[in-house]
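Colleague: I would like to learn how to read a structure. Please take me through one, feature by feature.

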Amino acid sequence: MLDTPTTRKPYVTGMDSRRSAGMLALGAHTILTMVFLYAPIVVLVAFSFTRDSFGVRWTGFTLDWYRRLLADQRLLGAALNTLYVALTSTIVSTIIGTMTALAMERYHFRGRTGFDALLYLPIVIPEIVMALALLAFFAFSFGILELLSGLRLQMGLGTVTIAHIAFTISFVVVVVRASLKGFDMRLEEAAQDLGANEWQTFRHITLPLILPGIIGGALLAFTLSLDDFIITFFTTGPGTSLLPVEVYGQVKRAITPKINAISTLMLLVSITLVFLSQFIQRRR
Amino acid sequence: MALETLTSEPRESRVAALLRRSERFRLGLLLFPGLFWLLLFFALPLVVVVLYSFATPGPTGRVEWHFTLANYGTLFTESLYVNAYLRSIWAGVLTTLICLLAGYPLALYIVRRPPRWRTVLLFLILIPFWTNFLVRTYAWMIILSNNGIINSIIQALGLPRVALYPSEGAVLIGLIYGNLPFMVLPIFASLDRFDFTLLEAAADLGADQTRAFLRVMLPLTMPGIAAGSVLVFIPTVGQFVVSDLLGGAKVDYLGNLLQRLFTRSNPPNWPLGSAMAIVFMAVLTVAILLYFRITTEQDR
Amino acid sequence: MKNGIAVDLRNVVKRFAEVYAVDHVSMQIRDGEFFSMLGPSGCGKTTTLRMIAGFEFPTAGEIALHGKLVGTTPPFRRNVNTVFQSYALFPHMTVAENVAFGLQMKKTPQAEIARRVEEALDLVRLGGFSGRRPRQLSGGQQQRVALARALVNHPEVLLLDEPLGALDLKLRKEMQLELKSLQERVGITFIYVTHDQEEALTMSDRIAVMNAGKVLQVGTPTEIYERPVCRFVADFIGETNFIEGLAGGVEPDGVATITTDDGLTFRAQTTRPVTPGAKVTLSIRPEKAFLAVQSPPPGTPNCFPVTVARVAYIGSDTRIDVRLGQGRLFDLWEQNSRSTLDRDAYWQPGETGFLWWPAENALVLTE
């Protein structure tokens, strides 16, 4: 990479060979790292098709584990719950996040820096702290509510959804703000100049142009919600089961090819979502 | 002209004032939902944790509202807690360091590739970034298990099996594996902005490779290193899934204790858990501030 | 076309925090004229334009479009259109969709939209490009789309904010002529903002020269160049030599005598009353002074023996710096009207000669 200009003569050959030697080492490192990153994934996927009932070595091909998966009502229910939470929280946090991003990028107001900090905090705070804070908060406020009105609320899908919205808003804001930063304000002026009022300007110009950013933010929120374990684990209630929590419980007991199968499916969903988000970003 | 300026000091017209007020109304409308949600479901919960940390744990796990500092006292006196803090921070430092050493050259290689390859390689880094942490940790259980691939290879070589998992080594592997992409992406971003002709300029002025790297490239990519380190360090120190699954819950990390105090132990002890979380946040803040001070000093 | 005044600015002020971007500007722009606002960056010309468009509202003062006050009317309720410096074409729409946008906002019937869009694109010679996206067009083509998008609405006034700034020199010259002939064909009032004096001189019927938020002079290109009212205008438009001194008496034909502190005496034209004894500046453009080999006949005004200090041959003319009096440098241009390689035909450094000019070629400036 870096070249020494001590001698003039070997300028061409010496530098090139050095460069390629450096790049070769970096390339080898990259390949090894990629193997490190992908070998576990490949093994996991492969062993979801093994006959071995411990799911850790190859003893022949079968689709049996996927069949059993589909018959597992408990897992399917958990998957549906997860999907419900992810969809609801994504819709809400995308709307709120987009509004917040617009406010932050378009206006200057007192307390803006403070709010900026509040927006970044959920991203950098250790997830477990946010999770136990939400647990404490729900228990605390439900307790007060019961004391005041006799109403007994319980943790469940509702609390999980609220918590997921709270931790995904910030991510949506970051993504949408990035797309607003590249937005040429002159375009809005041009639209108004041509007779579009504020709403028409937003509808015909601003929204279509920042839509890739909004969709990108929504996909990120959806993935985060779908995959989240820690906050879900702390804010869910008895009798409500969500997929990552369910998988965690089963994994703690034993490795089984069935978990390999469900994990493979979860990987598949995630990878599809990455592709989708990259595709949308490229089209911009 | 000067006289005229003095006499006709411009005043805002009524219409302009009204428009400005409607702008403010619009801002309020846009701002309210986000502010409301984050204050109620993020800031307020943190306040509740602070409250709990000064409360007294009851015998059945119920919280009694008598002010006490005993929770904080316990944290600093009982070796169980002190050790958990130290162990977690050590794991965080080690993971961050290894991720940095592995991630920087990786990012450098990707940046120097032609655009098509860059896209593909970056994408390969992004996939683990987007996939489930739990699933990726679980994958290592399969590989490291007693009858797993690595042990099969060892056996095939005629050597005795090794108990690779559960172990602290397995935890470290899991942590590096889970966090590497978080290090690579910010470093990639800062290397992407780096002007590589600066290296030629440094070489032209007589700097050898090492010095050109240390004096030019490293300082200019420091923001990426700092961001990546924070992104790896914070979740690593607070994690409990990896140590639970790959460590077999044999040794206690900070996250495991927090999880146990809040959900599993019988009876749960929320006040102690809250105090532990508060101290954890304080330690993290100090560590990150220190780190930023060091990295920005190198900048100069 | 009520009173022939398209835009009337009365004492318009725009203040950003404590800074006066536009400081009590009053101007009248006539119907159908090509009017330019010329000045260095930050002089308030763009802010003035943006207030006419409605993107900014004046802090004080009034703006009237054809007699109707529009001070705080939002841009979408003004029949005024803008061609932006960056063109601001909507990247997610085709050329035709861009041009149709204004008409759609006015709920014009589809058939009429189609007809007028086609007309407008033909007007700017972009007939076959309606299906393209802005980014598939060259800079010059994008600029024409922006023009068509504005003109299709038949605005009362067309505002152009340095529309040629992003084009290269050759294309810019072409577009200058094209814009001018387009304006003559459509007969719409153009208000053109530029910092390029040559562009303003080439295209405009009238020019307003601005600096530091104020209008210094409004006039035809000839008036601005030949009769600048102050030192700034004389300096900003073209090049000139300034000589500072004290005014003496003014003769009935308006010629004044000026004496410098190093004892030189000049005679120059006045356009405004000058008090004898006042500090004034004499402005003489380099192409309006002459260098003679032999002493001109006695009685020639403004005649001084000089030494050639520097010579720059630039093709069409030769620029010569001469030294007069106590080392004072003076710049003059001599047209190369003869084609020759003979060294003797050109002035060389160190040669001596006589600098002179008729009194009416120089101007006395009081500000």
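Colleague: Which residue is the bridge partner of C:L291 in β19(C)?

Modeller: The partner is C:L355. First, some ground rules. This is a predicted model, where local features need pLDDT of at least 70, side-chain atom pairs count only at pLDDT 80 or more, and totals for chains, interfaces and linings use all residues. Residues are numbered from 1 along each chain as its sequence is written, while chains are lettered from A and ligands numbered from 1 in the order in which they are written.

Colleague: What does pairing of strands rest on?

Modeller: Strands of a sheet pair through backbone hydrogen bonds, either parallel or antiparallel. Two strands count as paired if DSSP finds at least two bridges between them. Helices (H or I, at least four residues) and strands (E, at least two) are DSSP runs, numbered from the N terminus. Here, three bridges join β15(C) to β19(C), residues 352-356. These two strands run antiparallel.

Colleague: In what order do the strands of that sheet stand?

Modeller: The order is β15-β19-β16-β17-β18 in chain C. The five strands form an open sheet with antiparallel pairing. β15 (290-292) and β18 (328-335) of chain C are the edges. Each has a single partner strand, so one side of each lacks a neighbour in the sheet. On average, neighbouring strands are turned by 45° against each other, direction ignored. For such angles, axes are lines fitted to C-alpha atoms, for helices over the stretch in contact, and angles run from 0 to 180 degrees between N-to-C directions.

Colleague: Which residues make up the covered face of β12(C)?

Modeller: In a regular strand the side chains alternate between the two faces of the sheet. In β12(C), residues 255-259, the covered face has C:A256 and C:I258. The uncovered face has C:V255, C:T257 and C:T259.

Colleague: How many bridges join β12(C) to β13(C)?

Modeller: Five, and the two strands run antiparallel. β13(C) covers residues 265-270. C:V255 has C:Q269 as its bridge partner there. These strands form a hairpin with five residues between them, where C:G263 takes a positive phi near 85°. β12(C) is also joined to β11(C), residues 241-250, by three bridges, again antiparallel. C:L246 stands opposite C:T259 in that pair. β11(C) and β12(C) form a hairpin too, with four residues between them. In its turn, C:G254 has a positive phi of about 90°.

Colleague: Why does C:A17 count as exposed?

Modeller: Count C-beta atoms, placed from the backbone: a residue is buried if 20 or more others lie within 10 Å of its own, exposed if 12 or fewer, and partly exposed in between. C:A17 has 4 C-beta neighbours inside 10 Å, so C:A17 is exposed. C:H154 has 14 others within 10 Å, so C:H154 is partly exposed.

Colleague: How many residues does the largest nonpolar core have?

Modeller: A nonpolar core is a set of buried Ala, Val, Leu, Ile, Met, Phe, Trp, Tyr and Cys residues joined through C-beta atoms within 7 Å. The largest one has 242 residues. A:L132 and C:I191 have the most contacts inside it. Helix α8 of chain B, residues 168-193, gives the most to this core, with 13 residues.

Colleague: How many residues of chain A are in contact with chain B?

Modeller: Two residues are in contact if their C-beta atoms, placed from the backbone, lie within 7 Å. By that rule, 65 residues of chain A are in contact with 72 residues of chain B. α1(A) gives the largest share of chain A's side, 12 residues. For classes, Ala, Val, Leu, Ile, Met, Phe, Trp, Tyr, Cys and Pro count as nonpolar, Asp, Glu, Lys and Arg as charged, and the others, Gly among them, as polar. The side of chain A that touches chain B has 50 nonpolar, 11 polar and four charged residues.

Colleague: How many residues of chain A are in contact with chain C?

Modeller: There, 15 residues of chain A are in contact with 17 residues of chain C. α7(A) gives the most to chain A's side, with six residues.
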